[in-house]
Amino acid sequence: MSVPTFDVILVFLVLAFILISLYRELMGAAFTFFIAVMVLGIFKVLTPSEILAGFANEQIAVIIMLLLLGDTIRQTSVIEAIFEKAFPRSMKYKGFLARMMIWVGGFSAFLNNTPLVAVMMPYVHQWSGRHNISPSKLLIPLSYAAILGGCITLIGTSTNLIVNGMVVDQKIFPDMAALEMFDFFYVGFPMLVIGMLYLYFYSYRLLPERKSVMEEYSTSERKYLVEAEVRRNSHLVGKTLKETEIRDMEGLVLIEIIRNNRIFQLLSDNFRLQEGDLLRFAGENKNVVRLLSENCGLTLPTVGMMSKLKRTQVVEVVVSHNSTLITKTVKEVNFRGKYDAALLALHRNGERVVGKMDDVKLKAGDVLMLLVGEAFISRVESEQDFYLISKIREFNRTEKYKVYTLLGGTLLAILLSAVKLVPLFIGLFVVLIVVSALKIVSPKDMPRSIDYNLAVIIALSLALGTAMIKTGVADMVADLIISVFLPFGRVTLLFGIYLITTALAAYITNKAAVAIVFPISLTAAKTLGLDPEPFALVVSFAAAANFITPIGYQTNLMVYGPGNYNFRDFFKIGFPLTIIYMVVTITVLSLMYFT
């Protein structure tokens, strides 16, 4: 047995450092990889050109462009509008769960799943509050549906694109073709169906019933007074309060109804609404914003034509003690003309506000919720009437033809890539040029959507793979895996690679797992003279389909806090799903490539 060289020992030490740093969260993933690769560069295991080669990889550019387009689509609020119409209030738990998974899983196949989960989370909380069901029964299925859907296509998750980048960059199989758009479909789609069926039948039983963090702290939020009018041709006209579920709106309490200057406070379930009724609610800031939705059947009288502006924000301000607004009524202030704003709601430190909002006289210390236009900041800079407390939400209303151009262009680029007419890089690049030309979003805002850490991790992962192959570390580990698993057959070898990858992905992130296992997996394929494609795909599925821990995938981490979950909750429902995914993956890949 030959003595390991210094380079081999160094690479093993670097791999150990990466594992320990990411598992113990000693520093960020990008910085961990940066230190690891720089050490290899200092000791001349890697040359500067080998370190920097990954930054020229086409897949990094594709990932960045997909993130930019995904965030642009999110800013147009088109996904949010679709979700608002897709989830009727009257649905039962199983119906809501099924529809949520179908929509999110379907979108995740072609859009970045992180913003999809972010957009969907408020609907989960809203529906849970109305139906007295804990959000913890729905948030993990939301994350898992996004993961399952993302594994269907090449662009569904950044993990698949990273693996494809490594396929293009590797030298183990010089003639190996890049992965195609739907190479993942044969495993991804059946598992989307199987995974959703598993979650549909077992989610409620396996998941805990806990109050969300949002519920636990909601009592500390300011209670606002807000007025909403039953608009003309509203679906609420002629219906009783019981039929409309207005009293079940999460975080909003109906206080009274004003009709023709008559106030109704003791409201029975049989009270029938009429056009022009003014409903007065008390609620927290984020719940008040929901009344701006076109689907609620109500309109905020103070908003008027501001609802048609392309770009607006909801902000909170407090009236200063030397404000010129003090003792003036809301109507006298003329928020629209003076500040490019509309008053949505008012909070007065628990004091009851009597009379219509227009007739309320403002006091120092009043907290106002305003819908503001683009001129708001410039108009209040020279004023000392109030101070900005926070920004609650931003609305971007984009012309329909621009939305159709954005969605149609993105889908066309994906389709042309799938049929091999136009490379995905070129197609997405053209769409981004059109998006910039149409000014769908500000060119200055677009760079904020770029995940620079992700780009650095991918590029340095490629360099780490080069070091493992160059020094023979990949061969050594591949030989060890082959000696352990191959005696039981080639299928068992795939199982072994899947187990190692999914374990690393669960505890040190999926990007790191791919960086470490990919060169080992392809080296094993070369040693045995086998087709490398299933060995690349098995690494991708094992890393991306990560259900066991909250830290293994970004959407798991997103729902971890709001769902008030612990690690055991993810393992309890995620471990069986991981085993099912592993069995299906190995079975499908074996039938496709080994028979």
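The model is predicted. The chain contains 25 helices and nine strands, and 54% of its 595 residues count as buried. Aromatic rings form 19 pairs in the structure.

**Overall fold**

- Among contacts between residues at least 6 apart in sequence, 79% join residues at least 24 apart.

**Aromatic pairs and cluster**

- The structure holds 19 aromatic pairs. One of them joins Phe 185 and Phe 189, whose ring centres are 5.2 Å apart and whose planes meet at 10°, so this pair is stacked. The cut-off behind that label is an angle under 30 degrees between the planes.
- Phe 185 and Phe 189 both belong to helix α10 (residues 185-206), and because they are four residues apart there, about one helical turn separates them.
- Phe 185 is partly exposed, with a relative accessible area of 32%. Phe 189 is also partly exposed, at 38%.
- Phe 535 and Phe 594 make a tilted aromatic pair, with 6.4 Å from centre to centre and 55° between the planes. This pair links distant parts of the chain, since Phe 535 lies in helix α23 (residues 533-544) and Phe 594 lies in the segment after α25 (567-593), 59 residues apart.
- Phe 535 and Phe 594 are both buried.
- One aromatic cluster is formed by Tyr 144, Phe 184, Phe 541, Phe 547 and Tyr 581.

**Charges over rings**

- The charged end of Lys 137 is placed over the ring of Tyr 204, at 4.3 Å from the ring centre.
- Arg 259 lies over the face of Phe 264, and the distance to the ring centre is 5.8 Å.

**Nonpolar cores**

- The largest nonpolar core has 150 residues, of which Met 100, Leu 464 and Tyr 581 touch the most other members.
- Tyr 581, which is also part of the aromatic cluster, has contacts beyond its neighbours within four places in sequence; among them are Leu 148, Cys 151, Val 187, Met 191, Tyr 498, Phe 541 and Phe 547.
- A second, separate core of 31 residues includes Leu 236, Leu 241, Phe 281 and Leu 298.

- Thr 502 is located in helix α21 (residues 490-508). Its relative accessible area is 6%, so Thr 502 counts as buried; the cut-off for this label is under 20%.
- A polar atom of the Thr 502 side chain lies 3.5 Å from the backbone oxygen of Ala 542. Not counting residues up to four places away in sequence, Thr 502 touches Ala 542, Ala 545, Asn 546 and Thr 578.
- Leu 522 is part of helix α22 (residues 510-528), and it is buried, at 0% relative accessibility.
- Beyond neighbours within four places in sequence, Leu 522 is in contact with residues including Gln 170, Ile 172, Phe 173, Met 176 and Pro 532. Phe 535, the buried residue of the tilted pair, is another contact of Leu 522.
- Leu 522 and Ala 474 are 48 residues apart along the chain, and their C-alpha atoms are separated by 8.9 Å.

**A partly exposed helix residue**

- Ala 118 is found in helix α7 (residues 113-131), where it is partly exposed, with a relative accessible area of 37%.
- Ala 118 and Val 559 are 441 residues apart in sequence, whereas the distance in space is 9.1 Å from C-alpha to C-alpha.

**Two asparagines with positive phi**

- Asn 260 has a positive phi of about 55° although it is not a glycine. Asn 260 is placed in the loop between β2 (252-259) and β3 (262-264), and it counts as exposed at 74% relative accessibility.
- Asn 334 likewise is not a glycine and has a positive phi of about 55°. The position of Asn 334 is in the loop between α14 (330-333) and α15 (335-339), and its relative accessible area of 44% makes it partly exposed.

Conventions: Residues are numbered from 1 along each chain as its sequence is written. This is a predicted model: local features need pLDDT of at least 70, side-chain atom pairs count only at pLDDT 80 or more; totals for chains, interfaces and linings use all residues. Side-chain values use heavy atoms; hydrogens and water are left out. Rings of Phe, Tyr and Trp (its six-membered ring) pair if their centres lie within 6.5 Å; planes under 30 degrees apart count as stacked, over 60 as edge-to-face and the rest as tilted. Buried means under 20% relative accessible area, exposed over 50%, partly exposed in between (1.4 Å probe, protein chains only). A charge sits over a ring if NZ of Lys or CZ of Arg is within 6 Å of the ring centre and within 35 degrees of the ring normal. A nonpolar core is a set of buried Ala, Val, Leu, Ile, Met, Phe, Trp, Tyr and Cys residues joined through side-chain atoms within 4.5 Å. Contact means heavy atoms within 4.5 Å. A polar contact is a pair of N or O atoms within 3.5 Å; within protein, one must be able to donate a hydrogen and the other to accept it, and residues adjacent in sequence count only if both atoms are side-chain atoms.
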